[in-house]
Amino acid sequence: MEQQQDKKKSHAWLIFLVLVLGMIGSLIYMETRPNQSSTPPISQTTASSAQEAQNIVISEKNFNYYPQTIRVKEGQLVRISLDSSVGGCLRSFTIPAFGVQKNLATPQDVIEFTPDKKGTFKFACSMNMGTGTLIVE
Ligand SMILES: [Cu+2]
């Protein structure tokens, strides 16, 4: 009887040990695993509740900007980027009416400005070869 109880006791200890080792093991696994939740996907928009940015991605079609017309809202931050289809001097982007001029070397580069007047304006490459229309409403 006593021997059987001892056997039971040691069995319980073994199960306990396995459980503890398993917990430690999974803790180490979770610690060393790259934390995926801390790195948001690149496509995610970073819009704050205070002021939502108007994100615009422009492509190139027929050696010119596409879309040809961009519509934005007055007084709200505009963020423009050029995707990988845009090449050459078209990557040098200007909106003269808003004093915007920047070479967007990569698709990750952005131009940010807040339109402070309504109307129809021109955007163009710095050499004025590619052009388009910016409508501020
Ligand atoms: Cu050009």
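Start by colouring the chain by pLDDT, the predictor's confidence in each residue, from 0 to 100. The chain averages a pLDDT of 81, and 63% of the residues score at least 70. This is a predicted model, in which local features need pLDDT of at least 70 and side-chain atom pairs count only at pLDDT 80 or more, while totals for chains, interfaces and linings use all residues. Residues are numbered from 1 along each chain as its sequence is written, and side-chain values use heavy atoms, with hydrogens and water left out.

Select residues 34–49 next. Here pLDDT stays under 50, and the model has three contacts beyond four places in sequence for this stretch; contact means heavy atoms within 4.5 Å. Where pLDDT is low, the predicted coordinates should not be read in detail.

Now show the whole chain as a cartoon. One helix and nine strands are present, and along the sequence they follow the pattern α-β-β-β-β-β-β-β-β-β. Helices (H or I, at least four residues) and strands (E, at least two) are DSSP runs, numbered from the N terminus. Of the 137 residues in the chain, 27% are buried. Buried means under 20% relative accessible area, exposed over 50%, and partly exposed in between, with a 1.4 Å probe and protein chains only. Among contacts with a separation of 6 or more, 58% join residues 24 or more positions apart.

Go to the copper ion. Which residues coordinate the copper ion? They are Cys89 and Cys125, each through SG, at 2.1 Å. Cys89 lies in the loop between strand E4 (78–82) and strand E5 (92–95) and Cys125 in strand E8 (residues 119–125), so the pair ties together parts that are 36 residues apart in sequence. Donors are N, O and S atoms within 2.8 Å of the metal (3.2 Å for Na, K and Ca); water is not among the atoms, so sites may look incomplete. Cys89 is partly exposed at 24% relative accessibility, whereas Cys125 is buried at 2%.

Ser92 is buried, at 13% relative accessibility. Beyond four places in sequence, Ser92 touches residues including Tyr65, Lys102 and Cys125.

Select the open sheet of four strands, ordered E2-E1-E4-E7 with mixed pairing. Strand E2 (64–66) and strand E7 (111–113) stand at the edges with a single partner strand each, so one side of each is left without a neighbour in the sheet. Two strands pair if DSSP finds at least two bridges between them. Inside the sheet, E1 (residues 54–61) and E4 run parallel and are joined by five bridges. Asn55 stands opposite Arg79 in E4.

Pick Val72, in strand E3 (residues 69–72). Is Val72 buried or exposed? Val72 counts as buried, at 1% relative accessibility. Its contacts, apart from neighbours within four places, include Gln54, Val78, Pro115 and Leu134. Val72 and Pro115 are 43 residues apart in sequence, with their C-alpha atoms 8.3 Å apart.

Finish with the backbone. Most residues other than glycine have a negative phi, and most peptide bonds are trans. In the loop between E1 and E2, find Asn62 and Phe63. Asn62 has a positive phi near 50°, and Phe63 has one of about 60°. Asn62 is exposed, with a relative accessible area of 72%; Phe63 is also exposed, at 73%. Then step to Pro67, in the loop between E2 and E3. The peptide bond from Tyr66 to Pro67 is cis, with omega near 0°.
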